[in-house]
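I went through the model one element at a time and wrote down what I looked up.

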Amino acid sequence: MSSSELVYSTELGRIKTEKPEVVRPKGDGIVRIQRQVSGRKGSGVSVITGLDLSDAELKLLAAELKKRCGCGGSVKNGSIEIQGEKRDLLKQLLEQKGYVVKLAGG
């Protein structure tokens, strides 16, 4: 193991390393809403992918969608997760905002 990365200096203290910015792949312009249950102890989640927005804009949109749906959710890895199976309501809300929306998966 010849990793010669400096993490602490007696003069400067802890050395912070720059984390590379995560680059998300460009989508095809279609927002997809899918239902996921696996790995969530049986509770369904609606996952919205394909939004070409920055993290701050995603958080604002997620907050608005959560408020309109009356449920919780989060933003993870460039996608919005909304608790519960509210795909039809989410599709309607996103289409009102001008997005092209498809329901993906089962």
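How many bridges join S4 to S6, and do they run parallel or antiparallel? I found three bridges, with the strands antiparallel. This is a predicted model, where local features need pLDDT of at least 70, side-chain atom pairs count only at pLDDT 80 or more, and totals for chains, interfaces and linings use all residues. Residues are numbered from 1 along each chain as its sequence is written, and side-chain values use heavy atoms, leaving out hydrogens and water.

Terms I used: helices (H or I, at least four residues) and strands (E, at least two) are DSSP runs numbered from the N terminus. Two strands pair if DSSP finds at least two bridges between them. Buried is under 20% relative accessible area, exposed over 50%, and partly exposed in between (1.4 Å probe, protein chains only).

Entry, sheet. I looked up S5 and S6 next: four bridges join them, antiparallel. Glu81 in S6 is the bridge partner of Val47 and also of Ser74. Two residues lie between the strands in the hairpin of S5 and S6, where Asn77 has a positive phi near 50°. Four of the five residues of S6 are buried, so S6 is largely enclosed by the rest of the structure.

Entry, helix H1. I listed Leu58, Leu61, Ala62, Leu65 and Cys69 as buried. They cover an arc (directions from the helix axis to the C-beta atoms) of only 105°, which puts them on the same side of H1. Ala56, Lys59, Leu60 and Lys67, on the other side, are exposed. After H1 comes Gly70, with a positive phi near 70°.
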